[in-house]
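Colleague: Thanks for making time today! Could you show me the model and then take my questions one by one?

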Amino acid sequence: MNSNKRIHLLVDTVKMALIIAIACGLVSVIVFTVSEEPMNAIYNFFIGPFTSVRRIGNIIEAASPLVFTALAVIIIFGSGQFSMIAEGAFFIGTSGAMMAAIALDLPAGIHPIVAIGFAGVLGAIVALIPALLKMRWNVSELVTSIMLNYVVQFFAIYLVNYHFREVSSSSMASLEFKDTSRLQVVLDGTRIHSGVILGLVLCVLMWLFLYRTSFGTKLRITGDNSLFAKYSGLKVTWIMVLAQVIAGAVAGMGGGAELLGMYNRFKWSASPGYGWTGIVVALLARKNPLLVPLSAAFIGYLNVGADIMARNSDVGREMVDIIQGVMMFLIAADALLQGWKQRMIVKAAKAEAGQEVQA
Amino acid sequence: MNLISYICSPDFIFMWIRVATPILLAALGAAVCSKAGVVNLGLEGTMLISALFGVLASVYGGSLFWGLVGGLASALIVSAIFAYFHLILNANNVLCGTAINTAATGLTIFVLQVATGEKGNSSSLKSFAFPNLEIPIIKDIPVIGEVLSGHNTLTYVALLMVVLVYILLYKTPLGLRMRAVGENPDAASSVGQNVIKIRFIAILICGALNGLGGMYLSMGYLNMFVRDMVAGRGFIALAACSMGQSNPIGTLVSSMVFAFFDGLSNILQVLKIPSEFIQMLPYLATIIGLTVYSIQQSVVAKQKMKKQKEA
């Protein structure tokens, strides 16, 4: 048994290393094909993010929203559901936090907590819709959640345009948030805010929840084999619904934390897509909450690198989306390296059997 | 009241058919795929990629023909990648589809920037578009002529595809095999059918239909590529396919239902409703449509159970 676990870990690690190497290789290939000054672009992409404290801060800032959406994806996929609602829950969270930050008058310590809490509630409500439709009438949560993401996006923009708009601004922007609502910067010289700490705490809580509570265990059983769970007497549909509600709340809080930590007005005219990127982060973390900060930091690093490269060279930042898509393909490919794993397991089993015979 | 009379006018019905075309093409593709037991979430990205590469190939090839070839080839390549990862490397189909969509958004903008220097649209390129067709006799009939004649070539191709896909699925050996593989892969495999090969073919056919749908957007509906121009139509097509029970005729009907709200959102913009609500209408209609359909399905299922118990 023990040797099997070791083999799994080894193969998984090699696979991840391989995928990261392929991703970096692909970056170089693309840059060399399209760029007039490839070395400059590559330098900016790979080394650029580490050239100043502010830029290293940027990596963590970019990773912060992804931590929340990745956690949401882990819970939803972990319960065996394919709801893409992390995207919509995140965006409705930002608009919820915006409303609370503009409309409420609260003291400094409490204001952001209330705003992020409200964001979480809105996220949970949005995530509940496809979950309930699925539970009650078996409507595909995959399609309804994606459609709902569009609905939520337009609704959030409606809120800004018709109720919280800064009239004097020519481009779309909300009124300025109250100073009391802003999240504090925790590291001087960067914009790393206390929302990042909230994200890290949530990672630990989520791990405890999934692996150290009975509900978490039920959730994982349901995700692995819902029929088995059902015949074991678990209330499968309720577990799935609850998982999506928790995920919605986490993603919503992420939206709130991102908005209050990084901005003083609501300026998105379209959803930034952190819910979709969260899927890559969740897969890269092997669906383990404790690895989420690391994988979010890696994806954040790629994005910051792409931004710096786009500013300083002739290669566009959209390259990073291609890389993320390719990584998603490779990670999802279960059969990759499977043959090698199989051979090692067989070999280990034979060796064990041989020992037993000798004994 | 003015609105209702407008909806009944030939102008609106003409536009209705126009906006239904891309949804119908993609939904037919999805129908072939799902009959063979594969849910293809990559419709959105496949359409986007073929929309761009159709335009680019027509520019560099210098003719509409090369545009068609380029658009179809790009869609087939993307579908083959999807099929390879899903069928051969055992990757989950939802993740594969999401991967395609993620990569497609970036890839199209990236390639567009390399080709034109702009990130927004391809208006600086002189690309070719599929011509509109006047149908000889029908165009002279008063109202019907206005509605049915003068559409884009691909619109007629889409209607033809409804028939062809129907024939493929229900009248050919390959279609029978696809349905068998979709219904029960193990049973089909046990009588010697190559499940992977048949599904691969289904995904490629789906890709070709998607390619046509994508090209219609950039080489018919509009005369240029615009970033993110598919705007969820691939997902709506998926909903249309499942509401039509993956049957070509049902898919046609449900595509028309969803397209109705798409068309409605085009004309409602004159009303004094916040434009955001009008923009969300097609997506909201899809959710409601799917829900109503599923409620009806569950009622039917319950009645069947009752009858069986009584018998």
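**A walk through the two chains**

Modeller: Let me start with a residue in chain B: B:A27 sits in helix α2, residues 10-35 of that chain. Helices here are DSSP runs of H or I with at least four residues, strands are runs of E with at least two, and both are numbered from the N terminus. Please keep in mind that this is a predicted model, where local features need pLDDT of at least 70 and side-chain atom pairs pLDDT 80 or more, while totals for chains, interfaces and linings use all residues. Residues are numbered from 1 along each chain as its sequence is written, chains are lettered from A and ligands numbered from 1 in the order written, and side-chain values use heavy atoms, without hydrogens and water.

Colleague: Is B:A27 buried or exposed?

Modeller: The classes go by relative accessible area with a 1.4 Å probe on protein chains only: buried is under 20%, exposed is over 50%, and partly exposed lies in between. B:A27 touches B:A237, B:A240, B:C241, B:T251 and B:S255, leaving aside residues up to four places away in sequence; contact means heavy atoms within 4.5 Å. Its relative accessibility is 0%, so B:A27 counts as buried.

Colleague: How compact is chain B for its 311 residues?

Modeller: Chain B has 13 helices and 0 strands. For the comparison, the radius of gyration is taken over C-alpha atoms, and the globule rule is 2.2 Å times the number of residues to the power 0.38. The rule gives 19 Å for 311 residues and chain B has 20 Å, so chain B is as compact as a globular protein of that length.

Colleague: What share of the residues in chain B is buried?

Modeller: The C-alpha atoms fill a box of roughly 60 × 50 × 45 Å along the principal axes. Among contacts in chain B with a separation of 6 or more, residues 24 or more positions apart account for 73%. Of the 311 residues, the buried share is 51%.

Colleague: On to the interface: how much area is buried between chain A and chain B?

Modeller: Buried area is the accessible area (1.4 Å probe) that two parts lose on being put together, summed over both. Here 42 residues of chain A are in contact with 46 residues of chain B. Carbon and sulfur atoms give 82% of the buried area, which is about 3,800 Å².

Colleague: Which side chains meet in a salt bridge between the chains?

Modeller: The criterion is a side-chain nitrogen of Lys or Arg within 4 Å of a carboxyl oxygen of Asp or Glu. The count between chain A and chain B is 1. With N to O at 3.3 Å, the pair is B:K119 and A:E318.

Colleague: Which helix supplies the largest share of the side of chain A that touches chain B?

Modeller: Helices α1, α5, α6, α11 and α13 of chain A each supply at least two residues to that side. The largest share is 14 residues, and these come from α6(A).

Colleague: Last one: where is A:N138 found?

Modeller: Most residues other than glycine have a negative phi. A:N138 has a positive phi, near 65 degrees. With a relative accessible area of 57%, A:N138 is exposed. Its place is the loop between α5 and α6 of chain A.
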